2 protein chains.
Amino acid sequence: MARPRSEEARRKALTAAADLIVERGVGNLTIEEVAARSGVAKTTIYRHWPERATLILDTVRDSFLHVGTPDTGSLRGDLEAFFGRMVRADLSGQVGQIMPSLLDAAGRDPEIGLLLDQLTLERQRPILEIISRAQERGELPADLDTRVVVGTIVGPIVFRKLAWRQPIDAAYVKGCLDVAIAGLASLSRQNLPSAAR
Amino acid sequence: MARPRSEEARRKALTAAADLIVERGVGNLTIEEVAARSGVAKTTIYRHWPERATLILDTVRDSFLHVGTPDTGSLRGDLEAFFGRMVRADLSGQVGQIMPSLLDAAGRDPEIGLLLDQLTLERQRPILEIISRAQERGELPADLDTRVVVGTIVGPIVFRKLAWRQPIDAAYVKGCLDVAIAGLASLSRQNLPSAAR
């Protein structure tokens, strides 16, 4: 368990790192600047994060709202609850600026690439849990392609945020969920291997 | 009409700019470096692109495959043709690295932001034309929300490319199009205002 003073330093460093990423990008983040901006000693920062990449990972994790995994009893209810909290938090978050910078840096730095993969896996876990429960209830077929499920549910939201850099509104989320839920359920009703359709 | 020598210089500068963006990002691109890398005089570069932003816009446009707008007679045929060419070109293109850098720079530089908006509008035009023809044929309802249509068709593809940085394969594209087409068509069959569902 971190001591209170240590926790305060950790928090200050994460806030400074998030601000610096927003201003200059993941690729230009240095421990020196985090120390200067936060007033936390470099040695303390290195004690918390021996590698620059782990500081970046914690900063990005920290910028995400921890939405949890809703369990409302229906696929639509779960997804609306999940994205609903995101929509309400959207205006204040820095994540809309931090993510593009992380995607950009990932292509140039393999260490950041691994970090992004880890984060992407973490971020899709609630969706997979919601889908798995819907499959147990018989709302969705059992043999869906995980990539297609995550892509059709999360893709339209991420696309709008990244390409248009605008807050996601509830009407957009509802429209996209209507399409994804009806589309995924229709795969169930057709119930044929892709090649036969 | 550009003279041949002028066109050759233009082409060299665009190639150098694309390489530099891949290596160091849109935010770090300078005319000086494009001149040094391409061997094209700075004055020549400025004659073609008086503003740094227009050079970036042309470089990004140039990196996109010009897929055109297929007209096969059906919504599924048009979309499969459109994304099929993208899938085949995907492995060789630099666009997978250039786009994240552009998205990142757009959040920090309003001029780049305007440029990204222009590019996003250009890029969604073929999709809107394909959708419009499907509506005329009665394959899709007339009153669809354009944002939802573009988001559910393009979003899953862009998401997979950006978040996973992997080539898009044909099975993924087909799965996502199955979901989007069935989902959008189901809005037609329900044919009720969103609020009433």
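By class, seven nonpolar residues and two polar residues make up the lining of the largest cavity, with no charged residues. The structure is a predicted model, and the predictor gives the complex an ipTM of 0.81 and a pTM of 0.82.

**The cavity**

One cavity of 30 Å³ or more is present in the structure. The volume of the largest cavity is about 40 Å³. Two or more residues of its lining come from each of α8 (146-164) and α9 (170-190) of chain A, and from each of α8 (146-164) and α9 (170-190) of chain B. The largest contribution is that of α9(A), which gives three residues. From chain A, the lining takes T152(A), P156(A), C176(A), V179(A) and A180(A). From chain B, the lining takes T152(B), P156(B), V179(B) and A180(B).

**Relation of the chains**

Chain A is superposed on chain B by a rotation of 180 degrees with 0.0 Å of shift along the axis, at an RMSD of 0.0 Å. This is therefore the relation of a two-fold axis. Within chain A, G183(A) has the C-alpha nearest the axis, at 2.0 Å from it. Of the interface residues of chain A, 100% are also interface residues in chain B, so the copies meet through the same surface.

In chain B, the loop between α4 (52-63) and α5 (75-89) contains G73(B). Beyond its neighbours within four places in sequence, G73(B) is in contact with D78(B), R137(B) and E139(B). G73(B) and R133(B) are 60 residues apart in sequence, while their C-alpha atoms are 8.5 Å apart in space.

**Confidence**

| Item | Value |
|---|---|
| ipTM of the complex | 0.81 |
| pTM of the complex | 0.82 |
| Average pLDDT of chain A | 86 |
| Residues of chain A with pLDDT of at least 70 | 89% |

Over residues 191-197 of chain A, pLDDT stays under 50. For this stretch, the model has six contacts beyond four places in sequence. Where pLDDT is low, the predicted coordinates should not be read in detail.

Technical notes:
Residues are numbered from 1 along each chain as its sequence is written. Chains are lettered from A and ligands numbered from 1 in the order in which they are written. This is a predicted model: local features need pLDDT of at least 70, side-chain atom pairs count only at pLDDT 80 or more; totals for chains, interfaces and linings use all residues. Side-chain values use heavy atoms; hydrogens and water are left out. On a 1 Å grid over the protein atoms alone, a cavity is a set of points where a 1.4 Å probe fits but cannot get out, and a pocket is an open set with protein on both sides within 12 Å along at least five of seven lines; lining residues have an atom within 4 Å of a point. Grid points are joined across faces, edges and corners, and a volume is the space filled by probe spheres set on the points. Helices (H or I, at least four residues) and strands (E, at least two) are DSSP runs, numbered from the N terminus. Ala, Val, Leu, Ile, Met, Phe, Trp, Tyr, Cys and Pro count as nonpolar, Asp, Glu, Lys and Arg as charged, and the others, Gly among them, as polar. Copies are superposed by least squares on the C-alpha atoms of residues with pLDDT of at least 70 in both. Contact means heavy atoms within 4.5 Å. pLDDT is the predictor's confidence in each residue, from 0 to 100.
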